[in-house]
Amino acid sequence: MNPQIADRDLTLEEIKKFLERDYDMLKNVVEITFTGGEPFMRDDFGEMLEIFHGFFPNASFWIVTNGTLTTRIEEVVSRIVKIHRKIGISISIDGREETHDKIRGIKGTYKKAVQTIKKMAILREKYPWLNITIGSVLLPLNIKDFPFIYKLSKDFNVDFTFQPLHLNPVFYKHPLNTQETLGKYLIGEEKLRKLKDFLEIYMQEIFSRYKLAAFPHLYYYDNMFRIVLGERCRTLNCFAGISAFHLGSNGDIYPCHILNKKMGNIREKSLKEIWRSEEAKNIRGEIAKRSCICWTVHEIYRSMEENFIHLLIFSIRHVLKNKLNLRT
Ligand code: SF4
C-alpha cells in the first residue's frame, strides 16, 4: 500500500466502494457501532451515517461519543434519526463533574456532555425511537461516583451501562488484556467490594424494569463483577472475527476493537479475501484458545446470543435463587 495513504482515514468514496464491493458478505449485518476516538470529529460523519443507512436500513446503529461537540452532535443526530429508526447514542460520563473533568483532563467536559444528554432528551421527544445511554468505565477514580451517575441517568430517563477498563493495544498501545488487568489488580479489591451494594440495587431495578428481557443485562453485570474481582474467568467463547469485525478508520480489519491482531486492510483486499486468509484463520485459532480476555459491552451481548445455553442456565438459576433463595 502507498505509505502516504496507509494511515489516512477512509474517505466517504472509499467507504461507499467497500460497502458496494463487499455487500454480499455484509448484507446480513444487524448492528453497527460507530466509535472513536471521537466519531463526531469527522466533519462528514453525518454523510457517513447516511451512506450506512442506505446499505443497512434495518440494522441497529450505535454511536459512542464523549459528548463534547454538542452542536455538531445535535445537528448530525437530528439528521439521521429522521430516516433511521434503530438508533442509539451512548454518551460517556465518568463521574461527578470534578471526577469527570479530572479523568478527561479538560475542565468543562462534564458540562458539555450533560448538555448533550439534555439536547438528545429533547430530540427524543420528537423521535421516541432514539435510544440514549450514559456509558461509563470502571476506574479507581470513579468507582465511588457510580450511584451518582446512575441517578443522573434516571433524572434524564436514559439508560446506564458500564464496563471494566480494557487495556486496548489498538488505540492506546497497552499490552494485551489479561484476567489480572481487568479489575482487582487495576482498581483494588476493596474498592470493587464497595461497588457490590450499588450493583445489587442496580440489578434489582433492571429486573423490575425489563422483566424477562433483563436476563442478558443481569448475566453481563453478574459475570463482570466476578471477573473483575478475579473470582471467575471469562465464561463465554468469543465470536469476534467470526460473526463480527472492527473496521479501523484507515481500513484495517481487526477481530474486535481491543485485540491488536490485524486481519488485513480493505484498501488492499476484499473482505472475502481477508476473511479467508491465513492471518484471519490463525487469529481465530488464538481467540478460540482464549489467549485474550475482555468483558466489553458490545462483544459480550453478541457472544451471549451465540452461547445462548449459558444465558438460559443463568436465567433459570436466577429465577430459582429468587424463589428458593438459593446461591447461584
Ligand atoms: S475476547 Fe474477543 S472481543 Fe475480547 S479482546 Fe479477545 S477477541 Fe477481542
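The shell around the ligand consists of nine nonpolar residues, one polar and one charged; here Ala, Val, Leu, Ile, Met, Phe, Trp, Tyr, Cys and Pro count as nonpolar, Asp, Glu, Lys and Arg as charged, and the others, Gly among them, as polar. Of these 11 residues, Cys238, Cys256, Ile258, Cys292 and Cys294 come nearest; a residue is near if its C-beta atom, placed from the backbone, lies within 6 Å of the molecule.

Please note that this is a predicted model: local features need pLDDT of at least 70, side-chain atom pairs count only at pLDDT 80 or more, and totals for chains, interfaces and linings use all residues. Residues are numbered from 1 along each chain as its sequence is written.

Turning to the fold, the protein has 17 helices and eight strands, which are DSSP runs (helices H or I, at least four residues; strands E, at least two) numbered from the N terminus.

E2 runs parallel to strand E1 (residues 31-34), joined by four bridges, and parallel to strand E3 (residues 87-92), joined by five; pairing requires at least two DSSP bridges. Within E2, Phe61 stands opposite Ile32 and also opposite Ile87 in E3.

Thank you for your attention.
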